[in-house]
Amino acid sequence: MATCKVQKVWAPNGKESKLFLDLKKRLKSESEALKAWTMVYSNDFRKVFGDWRSEDFEGELDENGEPKMLQVIKEEYFKDADAIIKAEKDAQRYVQSSEKLEEYKSSMHDVLVRKIAQLERSSGKGGKIMQTNLKRLKNNLKSLNWMSATRKFTATAAKNIHFAKIRLDSELGKKEPNSALLSRYNNYLQAFDTLNELVAEIQGNPIMAETMKEDLKLINELIGEKEGAKRRYKNYMEGVVADKFASVTNKYDREAIQKMLKEAPFDIKGREKLLLYAGDASDKIIQLMAKVINEQQQKTRQASIEFSRVLADKVDAVEKERSQYKSNPEKLYEPILEKDSNGNLTGRIIHPNHNKAAYDAFVAANGGTALHDFLEFWIKEYGRLNDMLPMSYRMGSKLPTVMKKGWEKVFTSENKLEQIRESSRKLFEATNTDIATGEMTDDAGNVIHQVPIHFTQPYDSAVFNRKRKELLKEGVGESAATKQATEFAIAELPKHLSFDLGSSLQVFQHMAENYSNMSEIADIADTTKEFLGERDVLKTTSMGENIISKMKGLENKNISIKGTESKAYQLIESLIETQIYGITEKELGSTSFLGMEFDHRKLLKLISKYNSMNMIGGNVLAASSNILMGETMQWAEAFGGEYYSKKSYLKAGMEYSKNIPSIAADAIERTPKNKVNLINQWYDVLGDYHPDGAGASDKSIIRKSINSGALFFLNSAGEHMMQSKAMIATMMSTEVFDSEGKSLGNLYDTHEVKDGKLEFKDLYIKKGKDLIKYDAAQQRELSRKVQYILRKMHGNYNRQTAAEWQRNAVYGLIGQFRKWISDGVDRRFKKGDWSEFAEKDVEGNYRSTWKFMKALSSDLKQFNFDISSSWNELTEVQKANVRKTAFEAGVFTATIAGLSLLAVAASGLDDEKDKGKLQALRYSMYITNRLNTELMFFINPMDTWQILKSPAAAMSVTQQVAQTLYYALPWNWDEQYEAGINKDKNKLLHNAIKLVPLWKQLERITPDGIKGQLQYYNIN
């Protein structure tokens, strides 16, 4: 018999069972009473006692319609041993179902939380009343038993479902329904899908179902109403989604897309789901969804670029006018920052709608100045941006909740010690000002899916949580502690708020534009995910062949799985969460220690940042090797001639070299002026235009260094050079025409710079035989194509194309510095397939080469020595791939020869007398060997192991820390190395210095350091 207890059981009329209460009193045991009560509902009991549930029953029942206790405890009803065993099982099942329904209260609670969150955007009176009622039910839910909770929740669901159904049907009846509104009403309906689970649980228990007949009838009617409305929505949205996808592809029409929405011929592989960007997945619907999202991201970026250019001019004018305060934003903008009666900053700007007296006084004293012009620009633009957001998020005259960055804390804060302490806490403490894990959560801390609205928080949640804990510890009641902590956190906010108004407005603009653009497609994304969750996905073998059923009755039929069980569904869910709902990093929990809350995700990211500084910052060897490998890949692409030619790449190199002085000069500009930098920015070549924190519009190179880390200059400069050259070469290989089809030259040369802005002529490009206007849509296509090319050559480093594994800080540590591997495998071994981002059929280089070699071998075996016949059977893409592979093979051969020659040159030199020559030779040997190893990584298991066996960056640093701590023990202080390149060096000092960023890299480029690196690769 179950040991769990039930609080109450119910009679068929919906009231608490009097029979059960009387049985408990009589039998003195809840479990025995429950067993006897379930027995009363059994068929065995009814055969002996009479069918008391029948309308023809003539016996006496209690006021709830159940037999009376004294009638049912007679011995003759409990003689059958089998019936008793069955009653015990029924009682246990009833307990389990009751417990399950108690658990469903949590689901009901989540539904209410999400509904309340949705209604917070409502400004109407009805919405506010509904919100109040929902809050009351949410707060009372925990105290209700499962039956009362179910009934109250059902009543609430009925109102909401009726409302949503009426509104949805009304909108569907219009000539041009608003899909965003339809999506909102559908979300209302989906919120109550937990009713389906409730019904399934109750109906699965015959006794419970019998005692809840009327409730079940009502709930089933509601479910029918809900599902019918959802079905009408889905039928309409199928066409909307298909039309949207068809508008961004040249490959598939509406009918083909609708078919793919309903059935998938295969599931994607686990490697695709975890390691590749969704836009490169083999599932075409996922590719199209990624492309639609990218369209919106590019619109946001380009709007932000235009806005930043105007903003930069305004800020420059203010800094010129008030140059004495240039390094201190609080002083620079002080006349337009609101203060309270004590002279403290309130976190508001003076605004005619909030503080007209202060605004009028400022205008009277400063009318016509650059600062006045900036204030008017701020008020106008901030108002426009706030109008893009839901009513409840609008800020009025309150400044965006952008927190001070490093340089601002150093230069502007009076209480620097407090700022340092707060900054230290932010390194490991979770807060609502974090923008990577989702902006709104329910009461359980689960993220609510919505397009994020950042920089509108009324206070810092970390400050609130600390204060509330402190108050509770002092004995203050929960309600009072919450109120006092809220007031304290709101009052504290201005101390930590950024008053760099230019940067704050810039990031707020980017956020608002993103909210507006992503809200346009949120309904498309959610509906697409729903389709993928419901479609049939055929199971395939690792070779891509369909798995055929051998089960009786299903012989020779393809085996399929539910969409929600597929990897494709998981990938599109991750894509939408990351790129639309802004949940770019997964929560990993926290640990309390010494009275503080340590967020695991932040701690791991902190370790990751340190690893980067320690292992990449100032690393000349790594930078040189990366540039050499990168240039090899880009020259392989040039030899392939698929996206750009050898001639174009040579010219691109010369063009970049010519621009280096002005490229460098842009380092001290707020917005770029150089043509190469402007092109990189507009087309997002470097994948780095994401203003998401104060300082984004900063002009000072010193402040930029503090915020971004100048230690990475060598690697950043190399990446800038390589990626810029690839972009220039691609544009130079694209011929442009006028509207009559007359050639105007190449795309790069026809991009002109005027007043620091790219100017686009009336251009046309050819796609096949068609002449297409080079408009904004084509510009976005070029951006996607170049990002695709760079991703496959160098790896995935753009946060907007991040793979699933990059969302997890643990995986991030494991894969740090190895983001090139997965896309490198794809570049070489991918099966032939259509790519929406490349806008063509693509195939792995080595796969194409293998096909060619196989065909050639077959011809030679048949004594057919005409190589051209095998060559001509290849597509243009395959031919390009063979040329790329041939180039790689040539470079590999050259590295073997180069290493041999360098070894010969170094063999006769003395470590002391010829130190300089040996250093140069060993440096050359190191980078040549690195190139050789990385080229062979994908085909030689020994080279693969050579790279993979090296520990993850985190493990390497952990090992170094452990060694340092070991030698820091007093009895180890005097230990020295007895042999090798570190002979006679103190072990503690040597290991401790290696933990200092930059110092370690300076040591690595010394003669002994390079020698040590070569020894790691077994090269002397």
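This is a predicted model: local features need pLDDT of at least 70, side-chain atom pairs count only at pLDDT 80 or more; totals for chains, interfaces and linings use all residues.

Colleague: How many helices and strands does the protein have, and what makes a stretch count as one?

Modeller: The protein has 41 helices and 15 strands. They are DSSP runs numbered from the N terminus (helices H or I, at least four residues; strands E, at least two).

Colleague: Why are helices α7 and α9 called oblique to each other?

Modeller: Helix α7 (residues 146-172) and helix α9 (residues 194-203) pack at an angle of about 140 degrees, and their axes are 11 Å apart. The axes are lines fitted to C-alpha atoms over the stretch in contact, with angles from 0 to 180 degrees between N-to-C directions. Angles under 35 degrees count as roughly parallel, over 145 as roughly antiparallel, 65 to 115 as roughly perpendicular and the rest as oblique. The pair α7 and α9 is therefore oblique.

Colleague: Why is Q297 called buried?

Modeller: Q297, found in helix α14 (residues 284-321), has a relative accessible area of 5% and is therefore buried. The term buried means under 20% relative accessible area, exposed over 50%, and partly exposed in between (1.4 Å probe, protein chains only). Not counting residues up to four places away in sequence, Q297 touches M518, Q579 and Q800. Of the 1020 residues of the protein, 51% count as buried.

Colleague: Are D755 and E839 buried, partly exposed or exposed, and where do they lie?

Modeller: D755 has a relative accessible area of 74%, so D755 is exposed; D755 is found in the loop between β10 (751-754) and β11 (757-760). E839, at 21%, is therefore partly exposed, and E839 lies in the loop between β14 (833-835) and β15 (840-842). Phi is positive in both non-glycine residues, near 55 degrees in D755 and near 60 degrees in E839.

Colleague: What makes β1 and β5 the edges of their sheet?

Modeller: The open sheet has 3 strands in the order β1-β4-β5, with mixed pairing. β1 (263-264) and β5 (560-562) each have a single partner strand, so one side of each is left without a neighbour in the sheet. Two strands pair if DSSP finds at least two bridges between them. Strand β4 (residues 536-538) and β5 have 3 bridges in the antiparallel sense, with L538 opposite S560 in β5.

Colleague: How do you know that β12 and β13 pair?

Modeller: Strand β12 (residues 764-767) and strand β13 (residues 770-773) run antiparallel and are joined by 4 bridges. K766 has L771 in β13 as its bridge partner. The two strands form a hairpin with 2 residues between them, and G768 in the turn has a positive phi of about 70 degrees.

Notes
Residues are numbered from 1 along each chain as its sequence is written. Side-chain values use heavy atoms; hydrogens and water are left out. Contact means heavy atoms within 4.5 Å.
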